[in-house]
Amino acid sequence: MSHNTFGHLFRLTTFGESHGPAIGAIVDGCPAGIALTEADLQPFLDKRRPGTSRHVTPRQEPDQVRILSGVFEDERTNGQVTTGTPIGLMIENVDARSKDYSDIRDKWRPGHADFTYDMKYGVRDYRGGGRSSARETAMRVAAGGIARKLLGSDITIKAALTQLGERRIDPDRWDWSEVDNNPFFCPDAETAALWEGDVDQLRRDGSSTGGIVEVVVSGLPAGWGAPVYGKLDSDLAAAMMTINAVKGVEIGAGFASAAMRGEDAADEMRKAADGPVFTSNHNGGVLGGISTGQDLVIRFAVKPTSSIRVERRTLDKSFEETSIVTHGRHDPCVAIRAVPVGEAMAALVLADHKLRARGQAPLAD
């Protein structure tokens with residue numbers, strides 16, 4: 001299996017399966033001298049980990065990350081810093097129940113990667129989906145924590161769940177301070193309360209639903225990204241599409257811009273003391289593939305979890321028709337825990353582009 005590496009100068013390679021002994025990652029290209037400890041990464045993993053509420057999978061994984069390499073004590077600060085060498089990360093799997101999947105070892109879950117993995121590789125780890133499981137995203141979140149350290153405190157990355165199933169948040173009640181006050185990462189407390197009932201009903205039905213996540217990046221300077229094939233927005237879109245179950249991405253106004261008139265879609269500019277200001281942000285902080293200095297706004301749509309207890313028609317490995325019901329522990333809406341994953345993927349892209357921007361900066365006189 002190839003293509004387990006993401007990025008250009010700042011690169012992430014992940015390994016491991018959902019029910020294997022551990023999952024891990026190598027972060028390569030991180031500059032030396034950045035203060036880094038396991039405690040810097042753990043808060044982001046705690047947001048993503050399973051078993052935190054009745055609205056996500058009850059699998060109990062502490063997701064305690066270990067830094068295996070790439071850091072050393074700095075005598076100048078008496079703290080631990082990156083050395084510029086590859087950073088090894090590992091998280092042990094402690095609560096896998098492989099027997100829950102014995103009934104589907106020879107069947108393909110509709111809407112799942114079971115079928116395509118078998119067609120491509122001729123062998124499939126059926127235990128929790130193996131490599132196709134969203135368990136892999138824990139390592140992205142850990143690596144995203146390193147990327148945030150590289151980006152610095154002036155750049156903030158935050159995400160929220162704005163739609164769960166058919167119920168969307170009320171934009172007039174958007175409050176970022178509410179995101180960490182409910183198990184849905186929802187910026188609208190009233191909608192979050194309604195989602196509780198929605199997800200409880202999904203669990204009773206043995207079904208699932210999808211959702212929409214919005215990621216907003218603030219404090220980004222103008223000039224990151226490259227024209228044509230290295231566009232910042234194309235890299236962000238590709239990053240979000242690598243997240244499990246994501247089926248659509250938009251930047252700024254996105255698909256809504258197709259219905260706009262040119263004078264409405266144009267983000268007008270005005271002169272200010274510190275440079276230009278924009279009267280709107282329909283382009284989501286990117287023009288010509290290069291950042292404008294405005295907020296980056298990215299949204300991605302997540303499909304319903306394909307592992308459900310509702311009987312569905314499918315085929316087995318002999319291409320014989322059969323039916324399937326998936327037991328085990330699953331998220332009724334995987335979009336909930338995709339929120340910190342979206343933040344991490346944005347951080348990884350931006351860390352890479354920060355290093356690339358250095359190489360493309362104008363030469364000093």
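Colleague: How do the residues lining the largest cavity divide into nonpolar, polar and charged?

Modeller: That lining has 5 nonpolar, 2 polar and 2 charged residues. Nonpolar here covers Ala, Val, Leu, Ile, Met, Phe, Trp, Tyr, Cys and Pro, charged covers Asp, Glu, Lys and Arg, and the others, Gly among them, are polar. Keep in mind that this is a predicted model, where local features need pLDDT of at least 70 and side-chain atom pairs pLDDT 80 or more, while totals for chains, interfaces and linings use all residues. Residues are numbered from 1 along each chain as its sequence is written, and side-chain values use heavy atoms, without hydrogens and water.

Colleague: Which residues line the largest cavity?

Modeller: The lining is made by Arg48, Ala134, Thr137, Ile243, Asn244, Val334, Arg337, Ala338 and Val341. (On a 1 Å grid over the protein atoms alone, a cavity is a set of points where a 1.4 Å probe fits but cannot get out, a pocket is an open set with protein on both sides within 12 Å along at least five of seven lines, and lining residues have an atom within 4 Å of a point.)

Colleague: Which helix gives the most to the lining?

Modeller: That is helix H7, residues 335–360, which gives 3 residues. Helices (H or I, at least four residues) and strands (E, at least two) are DSSP runs, numbered from the N terminus.

Colleague: And what is the volume of the largest cavity?

Modeller: About 90 Å³, counted as the space filled by probe spheres set on grid points joined across faces, edges and corners. Searching the whole structure for cavities of 30 Å³ or more finds 1.

Colleague: Changing topic: how many disulfides does the search find?

Modeller: The search of the whole structure finds 0 disulfides, that is, pairs of cysteine sulfur atoms within 2.5 Å. Cys186 is in none, and the nearest cysteine sulfur, that of Cys333, is 11 Å away.

Colleague: Is Cys186 buried or exposed?

Modeller: Cys186 is buried, at 0% relative accessible area. Cys333 is also at 0% relative accessibility and counts as buried. (Buried is under 20%, exposed over 50%, partly exposed in between, with a 1.4 Å probe and protein chains only.)

Colleague: Last topic, sheets. What is the order of the open sheet of 5 strands?

Modeller: The order is E1-E2-E3-E7-E4, with antiparallel pairing. Strands E1 (5–6) and E4 (65–67) stand at the edges with a single partner strand each, so one side of each has no neighbour in the sheet. E4 runs antiparallel to E7 (residues 87–92), and 3 bridges join them; two strands pair if DSSP finds at least two bridges between them. Ile67 stands opposite Leu89 in E7.

Colleague: And how many bridges pair E17 with E18?

Modeller: Strands E17 (residues 312–315) and E18 (residues 321–324) pair in the antiparallel sense over 4 bridges. Arg313 has Ser323 in E18 as its bridge partner. Their hairpin has 5 residues between the strands, and Phe319 there takes a positive phi near 60°.
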